[in-house]
Amino acid sequence: MSFVVWEWQGDNNVSFIPYSSEVCTVLEDAKNTNKQIVQLGPIDPFLTPYSVDTRAMEQTSAWVGRKRKVRRALIQNGHPFTESPGLRYEWDFGGGMFFPYGCSEAAEIHNATQQGSMVFNLPGTPYQIDLNNMVQTNQQTSYQRKIRKSSCTQYNTPQGYTAPPPYQPTSTQQVPAVQQRTQPPPYTPPASLPTPSRSQLSAARAHVAVKASAGAPSLPAATAAAAQSLPALNAAARPAAARLGLIPAAAAQPTPAARPTTSSPATLSSIITSNSTPYKNNSSSDTCPVCFDGMDVASTYTTSIPGVPHAGLTLGCGHHIHNPCLQAMVAASSEVTSFRCPECQRAFGTRTGDQPKDGKMSVRLDSSLRLGGYPNNSVIVVVYSFSSGTSNGVRYSANGFPRSAYFPDTPEGNEIVDLLKEAFKRHLVFTIGTSVTTGQTNTLVWNDIHHKTTLQPGAYGYPDPGYLQRIRAELKAKGVE
């Protein structure tokens, strides 16, 4: 049996990104009942500015007028999207936001895993997928992105689907009570549907851009306000938006109390002004990575910090961002001494992490060992030691410690170890999170700085000619260089 997945075209005009299962069902029904325009806001509040023309097969943003192609893809039973729950793979857009791979790419990745292929080239793309380290590498530029596996609502909308007519029994006396209960009432929107404003949506997206570095489960005040303003009838759509990566998972739950920001205006002013210059291009082709609007459109987010011009900015990495969006991003973060570009993840300032403070790092040289690819060099052995404990009120476990990592005793190998020492001082090598291997939560895991932990050949050992360059780039992304 064939099922339909609707997808929208990404910024590279090549890849397509699937809508959620809920949106796909409504779009397929609209196409097969000749409804031309579908507003996506009532289905998913965070798609409020967007509508889809099912005849022209286009998505349009009401805010900036930008159009994207949409398409219908057919999948069969056995595709990961059709499992219960659905299964998909996602790539890191930046700033903690992940987007799902399209139907064909998801099927390729899933089939490779079924065949035991953990490192492979993704057909029709320049990308190599490494499921051992959960990274995607552009083989033309060597740029890497994190990938992850997640669950989603099962995609089970059949081709040609039309919604059934509302159930209307002729007489309540003729219908058994149990049957009345099992028939869902028709969906009837209220006469006036409250819609979150563009500034509220931008605030929520700003939180998405910092959630990876903030490391806090609660929402900042602006995001809490945006989540609170969502229409009550759309509460069921919030988990779908969270799974899509458009809002933080916490926004899908009842809004907790906002935590106070720890960043003072003076601190924010110093961080921002020392790492940016005024934006001058005023071009719609430059897109703000927080609100996704063109840089020629002023941000409606109203955050204003003394000493920082209320205009667009060009960061030290060359990427552009609305200044109010950047202010919201930094203000929502638990970091007060640094921020990362949400586009390329370059760190500005001195970044610190949530690695527990009682850990130890030791380094020794072992002349009796050798690594693949370095037959004439001794081996630098780095040992990390942690114990289970409590950090910032969170009880965490430390499984698999002490952990050892290995580096060649070469000039570059020694440089990397020196950088790791600095990263460890800044509490950046480990973080408290969820183990990809075991699924255990609140446990000490690697913080996206990949280590070689075996002397044997393989994904976690040597030879690996590009490894030292990759870990250097990962350290640079943390602001250690």
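**Two helices in contact**

Guide: Start with α9 and α10: Glu412, Gly413, Glu415, Ile416, Leu419, Leu420 and Ala423 in α9 meet Leu468, Gln469, Ile471, Arg472 and Leu475 in α10. Contact here means heavy atoms within 4.5 Å.

Visitor: What classes of residue does the contact of α9 with α10 have?
Guide: There are 7 nonpolar, 2 polar and 3 charged residues. Ala, Val, Leu, Ile, Met, Phe, Trp, Tyr, Cys and Pro count as nonpolar; Asp, Glu, Lys and Arg are charged; the others, Gly among them, are polar.

Visitor: Where did this model come from?
Guide: This is a predicted model, where local features need pLDDT of at least 70, side-chain atom pairs count only at pLDDT 80 or more, and totals for chains, interfaces and linings use all residues. Residues are numbered from 1 along each chain as its sequence is written, and side-chain values use heavy atoms, leaving out hydrogens and water.

Visitor: Back to the pair. At what angle do α9 and α10 pack?
Guide: About 25°, with the axes 11 Å apart. The helices span residues 411-425 for α9 and 467-477 for α10. Axes are lines fitted to C-alpha atoms, for helices over the stretch in contact, and angles run from 0 to 180 degrees between N-to-C directions.

Visitor: Parallel or antiparallel?
Guide: That angle makes α9 roughly parallel to α10. Angles under 35 degrees count as roughly parallel, over 145 as roughly antiparallel, 65 to 115 as roughly perpendicular and the rest as oblique.

Visitor: New topic. How many disulfides does a search of the whole structure find?
Guide: It finds 0. A disulfide is a pair of cysteine sulfur atoms within 2.5 Å.

Visitor: Is Cys152 buried or exposed?
Guide: Buried, at 5% relative accessibility. Cys325 is buried too, at 2%. Buried means under 20% relative accessible area, exposed over 50%, partly exposed in between (1.4 Å probe, protein chains only).

Visitor: Where is Gly373?
Guide: Gly373 is in the loop between β18 (360-366) and β19 (379-385). Gly373 counts as exposed, at 59%.

Terms used:
Helices (H or I, at least four residues) and strands (E, at least two) are DSSP runs, numbered from the N terminus.
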